[in-house]
Amino acid sequence: MSDDAATGIENLSQETRTFSPPTEFVQNAVARPAIYEEAERDHLAFWRSRASLLSWETPFTETLDWSNPPFARWFADGTLNVAYNCVDRHVESGHGEQVALLAEYEDGSDATFTYADVKDEISKMANVLADLGVKTGDRVAIYMPMIPEAVFAMLACARIGAPHSVVFGGFSAEALRSRIEDAEARVVITADGQNRRGKQLPLKPAVDDALAGGGKSVEKVLVVRRTGGDVEWTEGRDVWWHEARESASAEHAPVAVEAEHPLFILYTSGTTGKPKGIIHTTGGYLTQAAYTHRNVFDLKPSSDVFWCTADVGWVTGHTYVVYGPMANRSTQVIYEGTPDFPHQGRWWEIIEKHKVSLFYSSPTAIRSAMKWGEDIPAKYDLSSLRLLGSVGEAINPEAWMWYRRVIGGDRCPIVDTWWQTETGSIMISPLPGITDTKPGSAQVALPGISADVVNDAGKSVANGEGGYLVLDQPWPGMLRGIWGDPERFKETYWSRFEGLYFAGDGAKRDDDGDIWLLGRVDDVMNVSGHRLSTMEIESALVSHDWVAEAAVVGANDETTGQSPVAFVILRGGNDEELAEAGGDEKISELLRAHVGKEIGPIAKPKKVLLVTELPKTRSGKIMRRLLRDVAENRQVGDTQTLADASVMDLIQEGLSGKS
Ligand code: PRX
């Protein structure tokens with residue numbers, strides 16, 4: 001276990017509060033206690049029955065093929081189309097006039113799309129993509145702001161059976177290029193720009209840059225007009241969506257694909273410098289997305305208004321903005337902007353305006369709202385809310401209690417949901433009409449999911465003990481591999497403990513057997529609920545001419561959970577340039593900006609500290625634990641394994657000399 005995890009164990013033994021679900025909630029809940037027994041009785045029969053939440057073009061006969069672990073095949077001989085399941089079937093069953101998307105724009109304007117509207121839009125876009133040469137199996141990169149067209153783009157791809165790779169709109173041209181190249185995308189769907197805090201930020205130029213520097217597989221770029229104004233145009237390659245849409249037919253036959261056909265690739269950071277393309281397939285993924293969304297959020301499709309604040313660039317936006325909610329025929333809010341623009345009550349204003357009943361967000365956002373003060377949400381009528389969710393990192397009990405009291409009016413159950421890009425859907429979470437919730441704990445594996453906490457030897461720990469979180473049974477939404485690298489899939493997730501999927505998280509079981517997540521035990525940090533790899537930021541830093549060596553750690557941060565802090569050794573021989581830069585602070589600033597350019601603003605280190613040495617073991621491994629002590633202003637821990645024990649003194653002297 002890392003030091004962080006051990007500290008976590010200390011903190012949580014003090015938490016003894018529990019909250020039972022309100023009686024009315026229990027009486028009307030989607031998930032009833034018998035669901036645990038059903039899953040316990042027969043794991044496969046349970047999932048077979050959940051698959052009936054979907055409409056299958058060809059029914060499957062085999063539930064699970066686990067003959068070649070860790071490569072699972074779920075419902076493999078069945079066929080279906082995801083867009084049909086998320087849209088067309090709702091129109092066919094007479095719900096075409098139900099609102100699917102309540103689009104709220106940054107400037108306060110809005111637009112409404114019914115399921116019938118969405119069907120038309122995605123059919124048109126699928127026809128346009130087909131005209132641009134996209135066929136079943138081709139990859140399409142999507143680089144978009146949080147506007148309905150992002151959802152249409154994903155569903156249009158799903159309609160054709162063309163796996164999409166959504167790249168977060170805050171990522172750089174360089175990050176986009178490497179993802180386009182890895183997946184060999186044929187088409188990119190983007191927008192001219194995006195609205196950010198009253199400014200219009202260009203988006204298309206990043207696509208142009210990405211394609212100028214590589215991305216040779218891309219033949220066409222489909223551009224949605226959002227901000228207006230001039231854009232560079234490459235004739236023959238670039239196509240305006242609004243122009244192509246005009247002549248596109250709203251009739252498009254969804255392509256039924258095999259259940260194991262890839263639905264999307266989503267890149268996520270791991271312990272190496274290169275992001276991994278996580279592959280999710282069709283039937284199993286959608287089954288679990290629909291099941292978890294319906295049960296964890298207690299969705300009543302005809303009366304609820306759901307709002308998940310995640311961007312479609314992350315897995316939460318895939319599963320709980322697009323696929324889960326739409327497979328379940330939800331009415332949901334999709335919001336273009338940030339929580340604090342033009343004022344810090346923006347989210348609460350949206351909840352009041354659209355009468356949101358189910359709200360799913362992140363601990364970072366909740367902590368920011370706490371900081372801004374509870375008088376802000378108090379100005380809005382939040383009485384429509386009946387359930388709150390949290391995801392992305394462990395929610396500290398203080399933030400949980402605030403969320404419950406200030407946002408949830410002490411009446412809404414909170415579901416703290418643990419899962420990962422790799423797991424596809426929620427894995428560990430209370431069920432809101434069943435579980436007595438505990439502030440800060442994700443608590444129990446969902447029915448149909450089997451999780452455990454094990455020690456170094458891979459043996460289950462007793463209640464009251466900590467260890468590593470593992471998943472010991474295949475699940476339908478599990479990743480099917482890493483794009484182009486099956487070996488890395490085995491090595492990354494299945495080699496630490498024989499036969500077990502190791503999630504990278506430390507965890508503890510409390511005296512009741514409930515699970516508490518304790519943070520990552522590998523070199524992955526969690527910034528505002530987003531995963532960043534220390535190695536990836538280090539690679540970005542050393543790609544700068546001035547940098548000889550870099551070490552990055554995730555330091556605790558009151559608001560974002562963790563934030564990257566970099567220790568950098570400068571290369572000799574650049575004295576003139578460095579002098580011109582104008583001092584250490586300026587150099588640090590330039591290096592921070594460089595990381596922003598290489599990866600995206602989210603990865604910018606909070607601090608770049610210039611040092612002359614880095615602490616290393618005799619075998620040359622950087623001891624990040626010691627650097628974390630420095631970054632968090634703690635007494636430096638045990639330095640016995642350092643090759644040169646005086647290094648830490650040198651680092652600290654150097655830093656204190658500068659401040
Ligand atoms: O460390 C865990 C943390 O986020 C990681 C997964 O990150 P990502 O793939 O980006 O997906 C985030 C959204 C699903 C996990 O390994 N994490 C996520 N949810 C929780 C959490 N840690 C504690 N409690 C959670 N509820």
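User: What is the distance from an oxygen atom of the ligand to an N or O atom in the side chain of Gln420?
Analyst: The model is predicted; local features need pLDDT of at least 70, side-chain atom pairs count only at pLDDT 80 or more, and totals for chains, interfaces and linings use all residues. Residues are numbered from 1 along each chain as its sequence is written, and side-chain values use heavy atoms, with hydrogens and water left out. A polar contact is a pair of N or O atoms within 3.5 Å. For the Gln420 side chain and the ligand oxygen, the separation is 2.9 Å.

User: How much of the area that the ligand exposes alone does the protein bury?
Analyst: Accessible areas follow the Shrake-Rupley method with a 1.4 Å probe. Taken alone, the ligand exposes 540 Å². The share of this area that the protein buries is 95%.

User: How many residues of the shell around the ligand are charged?
Analyst: The ligand is surrounded by 16 residues (a heavy atom within 4 Å), including Asp416, Asp505 and Arg520. Asp, Glu, Lys and Arg count as charged; Ala, Val, Leu, Ile, Met, Phe, Trp, Tyr, Cys and Pro as nonpolar; and the others, Gly among them, as polar. The shell has 5 nonpolar and 6 polar residues, and its charged residues number 5.

User: How many residues apart in sequence are the parts that Arg496 and Asp456 tie together?
Analyst: Arg496 and Asp456 form a salt bridge (a side-chain nitrogen of Lys or Arg within 4 Å of a carboxyl oxygen of Asp or Glu), with their closest N and O atoms 3.1 Å apart. Arg496 lies in the loop between α16 (486-494) and β24 (501-509), and Asp456 in the loop between β21 (451-454) and β22 (466-471); helices (H or I, at least four residues) and strands (E, at least two) are DSSP runs, numbered from the N terminus. The pair therefore ties together parts whose separation in sequence is 40 residues.

User: Is Asp298 buried or exposed?
Analyst: Asp298 meets Lys300 in a salt bridge at 3.0 Å, N to O. Buried means under 20% relative accessible area, exposed over 50%, and partly exposed in between (1.4 Å probe, protein chains only). Lys300, at 23%, is partly exposed. Because its relative accessible area is 1%, Asp298 is buried.

Methods: Polar contact = N/O pair within 3.5 Å; in protein donor to acceptor, adjacent residues only side chain to side chain.
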